[in-house]
Amino acid sequence: MYDALSWHSPGWADESDLPPLRLAGYLDGTVLPDWGFVTTLVDLVTRFEPALFGDLWDRLRAQYVEAMLPGCDTEVRLAFDRSRIGLHHADLLLLHLLLYMHTKSGAAEMAEAEIAEDLTAFLGARGLRLQRESLRVRHDLIWDFGGGHCIVEIRRTRLPFDWTGVMHFARSLGTSAAAVGFFVAVDDSVLSDGPVRLEECVVTDAEPTVGGPVVGLRFQNGPQPASVAARVCVVVDVVGQHVSREALWEVLDHAVRAAGVSRDACLRQDRGDGALVLLPQGVDESRAVPGFIDGLAQGLRGRSMRLRVAMDRGVVEVRQFGVIGDVVIRASRLADSAHLRETRSAYGLLVSDPLYEDVHALRGRFRRVRVDFTDYRAWAWLEDGDHSPRLPDPSRSNAVLVGASAYAELPDLPAVDRGLRDLMYLLTDPESGAFSSGRTTVMANPSSRDALLVAVHRAAQAAEDTLLVYFAGHSLYDSVSGELSLAVRDTRPNSPYTALPFDAIRRELNHSAARHKIVILDCCYSGAAGSTSLPGVFNIRPDSDEVTVLAASDRTAIAAPGDRYTAFTGALVDVLANGLDEGPDTIDTELLYQEARRRLGPLPQPILASNRQVDRTVALARNRAR
């Protein structure tokens, strides 16, 4: 779309009156624009290219939904997968309605008119303009998408909540094939056991006996009693100079995302010169606690901000006007301790002794200290932010190492075999490698693309800490769509459907529970795998993409006849095998990339690409020179 605009209207951004900062954020390929921005661009394009219409709108809606999903909370994705209608315009609205319901997460206690106003504002901010129905009283809101419309009715239901009655009423909304009816049933039940899961709050009837598809949505509006539960409590104090609230919450929200939890599921409070964050009840602490700590360090990079941070776990009571509990007092004492006041790093962190003992991934990164106050004495564990990137936990990490050296219809690459063997040895070496041989899959010359994808899928499902995929071999690149496909033994030249699209591997990794996901590609045009766009009409990569890609080049990779290794893998092997005399204790992805560039010299240079929120400093091996 951007290309079409630039061909026909060099001043199109001025014509459309698009805010420059907003536009720049979208053009850098990491921010998903709202739907209103997309429709504005399409309207501009069609001034000059009327022939673009056809099925463009359907394709845009379908790809926009697929681009949104990776950035949604798991609960939202599960609810959407269960209830999607199959009509692209309706699915677009359904996903936004589920997002709205998820942000409320129970205990809203609003009148129907307030919900309608709040929902209209929520959707309007995301580019979906709903209008109040003025011709008929029975429908509250209508979304006219061109060629049809969706109806959103908001009504309070009888107690106790009953899906049979709700869907009976909902079916009266789908009065024609052009209309899709959404019935938002306002449930005022007391949420004694907390909010009902979102996937249980939506029911779809895609083929009713009369009229178009209908969707019933349970909006949990009732009061929720005071919540008493054990949760991880994080207290943050700002050190020294004034820091804006926006900047502080950007860092903390980054840490929350790195912890693998939704910002909306956390309780967040301003505390004068600091903040308090409660992670959700029942969160997987083995992943969330180290993830939060790593995300905090990454979020502070490049900022002139210093923080004192304390983490503890205990019972808290969440009330209407705040949080009470001994854990809040304990965490505040830790944050105010002399150990944190003496640190000169970007941040100092104390973790309570019980929490540290239960989270094994923290071992080796902290030192035990004594905290002494008049009314509080305890052991805790200190990290001052000055540490080398840690090695992954080999018992919770997986690697898939693939070398395709023999082909039926493409030239053989004998150097790939040697590189695969030596790289496997270095990465699984018990003394210096980050991975165990028992959780590393080595594939020499995979027979088919399905076999390769199955191996990646199994590793992605098993990994909890770090997931690594390495591929060396031929590739096929579609210059029109920008799609990169990895060639296996039976791949045919100029036939991408006989190879494995890299996007299929990216999806498997993004669906993995692993905290860190890394792909190393040694093939021609592998830099396309790190591109900021996805194939298709809607060229955008969601901001939630979690994969770091280290690629040989965005041009032809070098595999000279007679050389022991391909050029790129040879550089990697050299760094890992010989280490760095002046380097840190461990070699992370960023350092491996920098050293490979230096060793390759005038040869095609590698590319390191990732979402700005992804930590590139994940160690892959110990530095053998130390």
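Mentor: Let's begin with Arg598 and Glu595, whose side chains meet in a salt bridge at 2.8 Å, N to O. A salt bridge here is a side-chain nitrogen of Lys or Arg within 4 Å of a carboxyl oxygen of Asp or Glu. This is a predicted model, where local features need pLDDT of at least 70, side-chain atom pairs count only at pLDDT 80 or more, and totals for chains, interfaces and linings use all residues. Residues are numbered from 1 along each chain as its sequence is written, and side-chain values use heavy atoms, with hydrogens and water left out.

Trainee: How far apart are Arg598 and Glu595 in helix α19?
Mentor: They are 3 residues apart in α19 (residues 589-600), so about one helical turn separates them. Helices are DSSP runs of H or I with at least four residues, strands are runs of E with at least two, and both are numbered from the N terminus.

Trainee: And is Glu595 buried or exposed?
Mentor: Glu595 counts as buried at 13% relative accessibility, while Arg598 is exposed with a relative accessible area of 56%. Buried means under 20% relative accessible area, exposed over 50%, and partly exposed in between (1.4 Å probe, protein chains only).

Trainee: Which residues are joined with them in one network?
Mentor: Salt bridges with shared partners link Asp574, Glu595, Arg598 and Arg599.

Trainee: How many salt bridges does the structure hold?
Mentor: There are 26. Another one pairs Arg155 with Glu153, with the closest N and O atoms 3.0 Å apart. Glu153 is buried at 2%, and Arg155 is partly exposed at 26%.

Trainee: Switching to the sheet, what's the strand order?
Mentor: The open sheet has 6 strands, β16-β15-β17-β21-β22-β24, with mixed pairing. Two strands pair if DSSP finds at least two bridges between them. The edges are β16 (440-444) and β24 (607-609), each pairing on one side only.

Trainee: In which sense do β15 and β16 pair?
Mentor: Strand β15 (residues 398-403) and β16 are parallel over 5 bridges, and Val400 has Thr441 of β16 as its bridge partner.

Trainee: Which strands does helix α16 lie across?
Mentor: Helix α16 (residues 449-462) lies across β15, β16 and β17 (466-472), at about 165° to β15. Axes are lines fitted to C-alpha atoms, for helices over the stretch in contact (heavy atoms within 4.5 Å). Angles run from 0 to 180 degrees between N-to-C directions.
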